[in-house]
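I opened my notebook to keep a record of what I looked up in this model, one topic at a time.

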Amino acid sequence: MNVQALKELIAKRQTTIEKLAADAGISPDVIYKTLAGKRKPTLASIGKLAAALDVEPGELLKED
């Protein structure tokens, strides 16, 4: 998971973690822990986050 890409997409979309979590159908805790590097999301969660952010899952997986 490319945490920096996730942070940038959240900022670009001008959304909150709570709104993103609701749109993705996952717990905000999953996102908070992912951003803090305390959790690696499942592929299913990555897919849900990507769909909520309107990007391909690969955008969240690719490294810089």
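I began with helix H3, residues 28-35, in this predicted model, and I noted that its buried residues are Val-30, Ile-31, Thr-34 and Leu-35.

Next I asked myself what covers the buried residues of H3. I found that the cover includes helix H1 (3-12), helix H2 (17-24) and helix H4 (43-53).

I then looked at the two ends of the helix. At the start of H3, a side-chain oxygen of Ser-27 comes to within 3.1 Å of the backbone nitrogen of Asp-29, and after H3 I came to Gly-37, which has a positive phi, near 75°.

I turned to the largest nonpolar core, which has 17 residues, and wrote down that Leu-6, Ile-10, Leu-20, Ile-31, Leu-49 and Leu-60 touch the most other members. The elements that give two or more residues to this core are H1, H2, H3 and H4.

My last entry concerns Gly-47, which lies in helix H4. Is Gly-47 buried, partly exposed or exposed? Its relative accessible area is 27%, so I recorded Gly-47 as partly exposed, since buried would mean under 20% and exposed over 50%. I also noted that the C-alpha atoms of Gly-47 and Leu-60 are separated by 9.0 Å, although these residues are 13 residues apart along the chain.

How values were computed
Residues numbered from 1 in each chain as written. Predicted model: local features only at pLDDT ≥ 70, side-chain atom pairs only at ≥ 80, totals over all residues. Heavy atoms only, no water. Buried < 20%, exposed > 50% of the residue type's maximum accessible area, 1.4 Å probe, protein only. Helix = DSSP H or I, 4+ residues; strand = E, 2+ residues; numbered from the N terminus. Contact = heavy atoms within 4.5 Å. Polar contact = N/O pair within 3.5 Å; in protein donor to acceptor, adjacent residues only side chain to side chain. Core = buried A, V, L, I, M, F, W, Y, C linked by side-chain atoms within 4.5 Å.
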